[in-house]
Amino acid sequence: MAPDPWLSTYDATCHIAQEIAEKIQQRNQCERNGESTTKLTVTIRALLQNLKEKITLLRELLLRAVSTHQITQLEGDRRQNLLDDLVTRERLLQASYKNDGTEPDLIRSSLMTKTANRVVSNPWFFEESEETRALGFDDLRQQQQKIIQEQDAGLDALSSIISRQKQMGQEIGNELDEQNEIIDDLANLVENTDERLYNQTRRVKMVDKKSTSCGAGLSST
């Protein structure tokens, strides 16, 4: 069985995000040691661009899979949650990258953060920029839910458009069937009219011929 393209792309995207986190940590260590960070910065920038493109691809693949019913709505919701987490990670990575090594040593794979009475592994937890520093986990989750609602609304609108197009297609098909029936009736009517006209013309010719014959007989007597 061929692997699901969405899941394989998702796994590759997660690996890219993990690699970016590790590269940022290396860059920050080099910065503290007074070493050159140019090469690492260029690598991180390229990886961030790749991450952004992968997330866009995941979004397009998911929309296509849901709209064409390749996956169930439940699976679509599950994948949307995974995608939302990736979007949050990408945003945090971007914020950490722009800090240019000023954030403390908070990036490590074993880092755990407690939220909503549960422990969540978060290897992408950084000191955020001013743009996102005021937002807590609940705020980020609300933003994610808003994005989900907007995407759901978009899917509903797409479904409605497809439904209307299907209905229009059915109506056009019915109208064509009716027009074909009318054309068939007209063809039969024309055929019957031609046949009656032919019969009438033949009768007229026969009557005319008989009249001519009778007229000739009377003249000879």
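A residue counts as buried when its relative accessible area is under 20%. By that cut-off R79 is buried, because its relative accessible area is 4%. The model is predicted.

**Packing of α1 and α3**

- Helix α1 spans residues 5-32 and helix α3 spans residues 73-98.
- Their axes come within 11 Å and cross at roughly 20 degrees, so the two helices are roughly parallel to each other.
- The crossing of α1 and α3 is left-handed.
- On the α1 side the contact includes W6, L7, Y10 and R27, and on the α3 side it includes R78, R79, L82 and Y97.
- Sorted by class, the residues in this contact are 13 nonpolar, two polar and four charged.

**Salt bridges**

- The structure holds three salt bridges.
- R79 pairs with D4, with N and O 2.8 Å apart.
- E75 pairs with R78, the closest N and O atoms lying 2.8 Å apart. These two are three residues apart in helix α3 and therefore separated by about one helical turn.
- E75 also pairs with R79, at 2.7 Å from N to O. Both lie in helix α3, four residues apart, about one turn of the helix.
- Through shared partners, the salt bridges join D4, E75, R78 and R79 into one network.

**Exposure within the network**

- D4 is partly exposed, at 26% relative accessibility.
- R78 is partly exposed, with a relative accessible area of 39%.
- R79 is buried, at 4%.

Key. Residues numbered from 1 in each chain as written. Predicted model: local features only at pLDDT ≥ 70, side-chain atom pairs only at ≥ 80, totals over all residues. Heavy atoms only, no water. Axes fitted to C-alpha atoms, helices over the stretch in contact; angles between N-to-C directions. Parallel < 35°, antiparallel > 145°, perpendicular 65-115°, else oblique. Left-handed = near helix turned anticlockwise from the far one by under 90°. Contact = heavy atoms within 4.5 Å. Nonpolar A, V, L, I, M, F, W, Y, C, P; charged D, E, K, R; others polar. Salt bridge = Lys/Arg side-chain N within 4 Å of Asp/Glu carboxyl O. Buried < 20%, exposed > 50% of the residue type's maximum accessible area, 1.4 Å probe, protein only.
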